[in-house]
Amino acid sequence: MKLYLTVLGFALAIAAAVGTTKAEEKVEGADEKETDVSHDISEHSDVLILNKHNFARALRENKWLLVEFYAPWCAHCRSLEPEYAAAAAMLKNESSEIKLAKVNTTAETELASEFKIQGIPALILFKHGDRMNFTTFKGAGRNTARGIVQWLKKQSGPGASVLDSIASAEQFISTNHISVVGFFKDLEGKGAQEFFEVQREDSVIDPAFGVTDNAEVFQKYGISKDTVVMFKKFDEQRADLQVAEGSSVTREELSEFIKRNGLELVNSPKIFEAGIEHHFLLFISKSQESHAQLLESFRGAAPGFRGKVIFVLIDVDNGDFQNVLNFFGVKSEDAPTVRLINTKTEKKYTMPDREITTENVRQFCQDVLDGAQQPHLKSQEIPVDWDKNPVKVLVGKNFEQVAFDETRSVLVEFYAPWCGHCKELAPIWEQLAEKYKDQEGIVIANMDATANEVEAVTVTGFPTIKYFPATPDRKIVDFKGKRDLETLSRFLDNGGELPEESHEESLDTSATRASDFDLLYAPLSGESQSLSLEFASAAAQLRNESSKIRLGTIDVSKEKELTKELGVTDFPALRFFISGDRENPVTCPALRSASAIVTWLKRRTGPSAVLIKDVDHAKAFVEEAEVVIVGFFKDLEKGEAQVFYEAAQDIPDLPFGVTKNKNVFSKYDITKNAVVLFKKSEEKPVAYEMSGEVSRDSLVRFIRTFEMDLVTEYNRETSGKIFTALVTSHILLFTNKTADDFRELHGEFQSAAVEFRGKVLFVFVDTDETRNGRIFEVFHVREVDTPAVRIINLTDNVQYQMQADEVTAHNLRTFCWTYLDGKAKPKLDSEPIPENWDKGPVKELVGMNFERVVFNEDRNVFVMFYAPWSAACKELLSVWEQLGKVFEDHASVVIGKIDSTANDVHTVLLERHPAFTFFPATSFQRIVTYTGERTLEAFVQFVENQVELAKEEKAKPTNHLTGLQSKICRGVPLYPFISISSPSPSSPLQPLSLRRLEAPVFGYPAPQIQQPYVIINTNLGDSPCMTRCSNCQQQVQTKVEYKAGGFAWLMCFVFIFFGCILGCCLIPFFADGFKDAHHSCPNCHQNLHVHKRL
């Protein structure tokens, strides 16, 4: 019995120790170490820093507590941080009972799990210390300091100001831009309670709420019964809620009333948040008096369509609206003109040739709403030689005539001139047209879909290929195959279908044959569609070789029971069934090409390496490919050789050979068992000695490390290897391949790479390659910053910037060792706000406080953007200090500086270091770049001149377009181009250029694009953790399911060994401490990671 208890206690102790190992590890970025059990609460920028030890105390001590759950690596969290701190300061200054706090979910996983945090940042409001019942802040466009404070006041108090006199009512209405006043004779009645509920709701309009039961106030505003009135400083100034006689105000009616009447009739700042589908735009030149006179007619029509159509005014002379003009196909000389767009369907309408009058505008809007108006379609003029070349040029005006010709089948490429994938397809398209130019029944054509629109065709990505067969029924067939000459030709020859032999004839859906390899795919998944094409090609190849291996496909949307039986949740997935064994399929690694699939299967069913018999055979094999792997073993059957064969099975993209021939050993100076990697681009092969306890994983790591070049250029072909490399620390050099100093820079980079092989992956990114734009966006690298060097750790998405002027081998080595030793400082979007940032003559700005300081209507702010290692910047800092002292006592001038290498400021485009920008004290966010002499006298003169100009601008009447224009400058969504690139099915990972913004993506929903760096936190323990889902790309807290694994079985046998067979041996299968932790995404249920105990 004692032995039984001893063993049981020993096993349970192991389970407890394993279960708490991760919780005892140090988490980088945590606000407090796990070992520190202090209940003290620290503050930073008036925000409480909470952890699991002091959380309960914070709830007890604060009647109202708003807690932000964040992660240091989350960009959205970093964006919210300055606004959150400002909200805390506002509440503190008002002596509010409400306190703001934050919890780092990366460190405090228990708290994140308790409150079911699945996306960050998440804001939760706790009331009266109640830990169980809380309110979640939903934002609704309120992620600003003012928005957060307003929401909190609504939640924590009556929300509506009590107007107990005419004076208080008049002051309330005059103070607020939009005031909603409830007139109720009984503030405890049903109507009043409905009013109070509505004022707590999240709303796009966000008005100020007041309430009164004062008879004099009723009389003052002509109210005789319970109702609600909106007072506003625009349009008709007042709107009354119509309440039926004998009825009371309802929540639904009031919400709709506020939404409908709170929007400005023309150029509402809530254009895209309002949820109104139809937008009516008037394009005029404000500099022309005749155009300006049309505004009254435009405004006159708006009231009749309140809540149905948003009216927008566009000044064609304003460069900020150029993207809008391009999107609607309007040129400045077309003004005055109008367009109406349905933002849901993206159909555009133009008013027939009528004068722009109130009545005509009303009639036009009503016709569109009634479906009586046909959409307007853009079209270029038909080129004179549109049909003279093999590729016919289509435009909107001749499309229908050509594409729907019943005598000819037409294959059309819809392209965008700026699209990199379209440019790649262009020569193939020319070859295809040349091939079919003499066939009367086939036409190859293309159309610039950015300049032409066709009602029958919707283009959502570029390039899009559609087939219009010679039939009378106007049929349209989407081409979804590989964009190569062979596949396109087979598609045409087969009448608009890919031949059956490349799909169904070679594929089956049974999973029970002698040897069976199955693809489980989701039909709507782009990755599944891409792999399906390669899978079909592999099936055809094996069939042509008379292979016994049969390939099959399983549509998981239809075969749900089979999918569940196989336990597959991540798609596409590959499973290999051997000898009819349905219970134990082999999981195939991620394979992207037909050749890799075929090789993997052959190595699984036959020899995994080619037997090299003599020296001549060895020479020929080594020359066979760019990289080859040869195993030198004196005994081809012993354990070391078996490890080699196992590694070969799971690296199907490389050729493997094996030999025991003494002459071959001698030829390559091999004396012991070894694996040698031969690479044509490197003079000497690399050997890996196979002695002692060599594992398959270590051998795979060696091969995957040395197959890569010392420096790998990032491009379409190499991206797959870069992101599947086992080295998770990458150093990237951003520079132009055509630059004069490129060879020198590349040489320095390559020289440094030798020392860090296997530790850091060296990657070169060509800044002149348009398709690399996404990487520039991820690393915040601009052309002016190049050459630039960054390090990224793919396990935590932390970036580091080299702190040196020159890219030299010495500086690169220093940077890498500093990083590997853990001494490098991460590159942050913002440094912390210095404690005395505003005490000196020059204010120290950082990303967190930048916009709050510079965009101030009462202050003119002059800022120096500097780099701390720049000699030019160092020389000017003393001059800048003198400038600060000159204006130190000036009430409306602020002199500031910001380290632009440590703080990301997206409102200013820098072209050099140092750079100087002036932000005038105006109601809109104008920016002035200083390019004059860098002397104290010149700086002083410039500031004085700008201050006077700002005073003049402030004295001018406010332009009703100002707010809209400033939002455009700051990147608020406007009307888009369809500029989403559709990757080729054969290459699912292709970066999209957003750096050269010939066709920017603004605002409206569009297909998602996978970013080139998708960060997955694989360092997940045995409890829920924050990470980014590799499938849905959301920041989530993982869902954990515990399943019995190797450790549970081991402990079961330990129990049995010690004689515990009366049910105790089953304990490991019921206690989570013995089980493996399976992490999945709570949103899309993607499997993310398995934390194994053993």
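Reader: Which strands does α29 lie across, and at what angle does it run to β37?
Author: In this predicted model, α29 lies across β36, β37, β38 and β39 (915-919), running at about 165 degrees to β37. Axes are lines fitted to C-alpha atoms, for helices over the stretch in contact (heavy atoms within 4.5 Å), and angles run from 0 to 180 degrees between N-to-C directions. Helices (H or I, at least four residues) and strands (E, at least two) are DSSP runs, numbered from the N terminus.

Reader: What is the strand order of that open sheet?
Author: The order is β36-β38-β37-β39-β40, 5 strands with mixed pairing; two strands pair if DSSP finds at least two bridges between them. β36 (842-845) and β40 (928-930) each have a single partner strand, so one side of each is left without a neighbour in the sheet. On average, neighbouring strands are turned by 30 degrees against each other, direction ignored.

Reader: How many bridges join β37 to β38?
Author: 7, and the two strands run parallel. Tyr866 has Asp899 in β38 as its bridge partner.

Reader: Rings next. How many aromatic pairs are there?
Author: The structure holds 53. Rings of Phe, Tyr and Trp (its six-membered ring) pair if their centres lie within 6.5 Å; planes under 30 degrees apart count as stacked, over 60 as edge-to-face and the rest as tilted. Phe195 lies in helix α7 (residues 190-199) and Phe209 in strand β9 (residues 208-212), so the pair ties together parts 14 residues apart in sequence.

Reader: What lies over the face of Phe404?
Author: Arg474, at 3.9 Å from the ring centre. A charge sits over a ring if NZ of Lys or CZ of Arg is within 6 Å of the ring centre and within 35 degrees of the ring normal.

Reader: What are the ground rules?
Author: Local features need pLDDT of at least 70 and side-chain atom pairs count only at pLDDT 80 or more, while totals for chains, interfaces and linings use all residues. Residues are numbered from 1 along each chain as its sequence is written, and side-chain values use heavy atoms, with hydrogens and water left out.
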